[in-house]
Amino acid sequence: MEEVRYCPDCQLLGEEKCPNCGGTLRQAKPNDPVMLCKADAVRASMLEPLLTQAGIPYSKVGRMGAAMVMRAGAFLEEYTFYVPLGALEEAMELTMV
Ligand SMILES: [Zn+2]
């Protein structure tokens with residue numbers, strides 16, 4: 001974990017420069033939020049109890065705004081899950097299924 005570096009702006013891990021913004025990375029901390037995966041509403045509703053049961057704090061960010069969800073229906077929404085870096089490995093194992 002010593003070599004892992006982190007872009008606080010994009011919440012991405014990298015080695016030298018951020019793969020997204022090209023910015024300088026800093027040393028990653030265990031509580032830095034990192035992207036776990038993207039999931040549609042069906043998969044999101046399966047992932048949430050898994051993470052909750054394992055006691056892993058997560059945040060779920062929707063791609064569309066609330067107004068768009070109303071129009072298109074919540075099942076078309078895509079979510080991005082973020083977990084703390086320290087829990088990423090455990091969360092990935094849980095959600096691999
Ligand atoms: Zn960045």
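Predicted model: local features only at pLDDT ≥ 70, side-chain atom pairs only at ≥ 80, totals over all residues.

Q: Where is Gly86 found?

A: Gly86 is in the loop between E6 and H3.

Q: And how far is the C-alpha of Gly86 from that of Lys29?

A: Those two C-alpha atoms are separated by 7.7 Å, although Gly86 and Lys29 are 57 residues apart along the chain.

Q: OK, zooming out. How many helices and strands does the chain have?

A: There are 3 helices and 6 strands. Going along the sequence, the pattern reads β-β-β-β-α-β-α-β-α.

Q: What share of the residues counts as buried?

A: Of the chain's 97 residues, 13% count as buried.

Q: And what about contacts between residues at least 6 apart in sequence?

A: Of those contacts, 52% join residues at least 24 apart.

Q: Let's talk sheets. What is the strand order in the one with E6?

A: That open sheet has 3 strands in the order E4-E6-E5, with antiparallel pairing. Strand E4 (33–40) and strand E5 (59–62) are the edge strands, each pairing on one side only. Neighbouring strands in this sheet are turned by 25° against each other on average, direction ignored.

Q: How many bridges join E4 to E6?

A: 7 bridges, with the two strands running antiparallel. Asp40, for example, stands opposite Glu78 in E6.

Q: And how many between E5 and E6?

A: E5 pairs with strand E6 (residues 78–84) over 4 bridges, again in the antiparallel sense. Ser59 sits opposite Tyr82 in E6, and Val61 sits opposite Thr80.

Q: Which way do the side chains along E6 point?

A: They alternate: Tyr79, Phe81 and Val83 point to one face and are buried.

Q: Which residues make up the largest nonpolar core?

A: It has 9 residues in all: Leu36, Leu47, Leu51, Tyr79, Phe81, Val83, Ala87, Leu88 and Ala91. H1, E6 and H3 are the elements giving two or more residues to this core, and E6 gives the most, with 3 residues.

Q: Now the helices. Which strands does H1 lie across?

A: Helix H1 (residues 41–53) lies across E4, E5 and E6, and runs at about 130° to E4. Helix H3 (residues 88–95) lies across E4 and E6, at about 15° to E4.

Q: At what angle do the axes of H1 and H3 cross?

A: Roughly 135°, and the axes come within 10 Å. That makes H1 oblique to H3. The crossing of H1 past H3 is right-handed.

Q: Which residues make that contact?

A: On H1 they are Leu47, Leu50 and Leu51, and on H3 they are Ala91, Leu94 and Thr95.

Q: Switching topic: what is the order in the open sheet with E1?

A: The order is E2-E1-E3, a sheet of 3 strands with antiparallel pairing. Strand E2 (12–14) and strand E3 (26–27) are at the edges with a single partner strand each, so one side of each has no neighbour in the sheet.

Q: How do E1 and E2 pair?

A: Strand E1 (residues 5–7) and E2 pair in the antiparallel sense over 3 bridges. Leu13 in E2 is the bridge partner of Tyr6.

Q: Last one: what is phi for Gln11?

A: Phi of Gln11 is near 55°, a positive value in a residue other than glycine. Gln11 has its place in the loop between E1 and E2.

Q: And how many other C-beta atoms does Gln11 have within 10 Å?

A: Gln11 has 17, so Gln11 counts as partly exposed.

Key: Residues numbered from 1 in each chain as written. Buried ≥ 20, exposed ≤ 12 C-beta atoms within 10 Å, placed from the backbone. Contact = placed C-beta atoms within 7 Å. Pairing = 2+ DSSP bridges. Axes fitted to C-alpha atoms, helices over the stretch in contact; angles between N-to-C directions. Core = buried A, V, L, I, M, F, W, Y, C linked by C-beta atoms within 7 Å. Parallel < 35°, antiparallel > 145°, perpendicular 65-115°, else oblique. Left-handed = near helix turned anticlockwise from the far one by under 90°.
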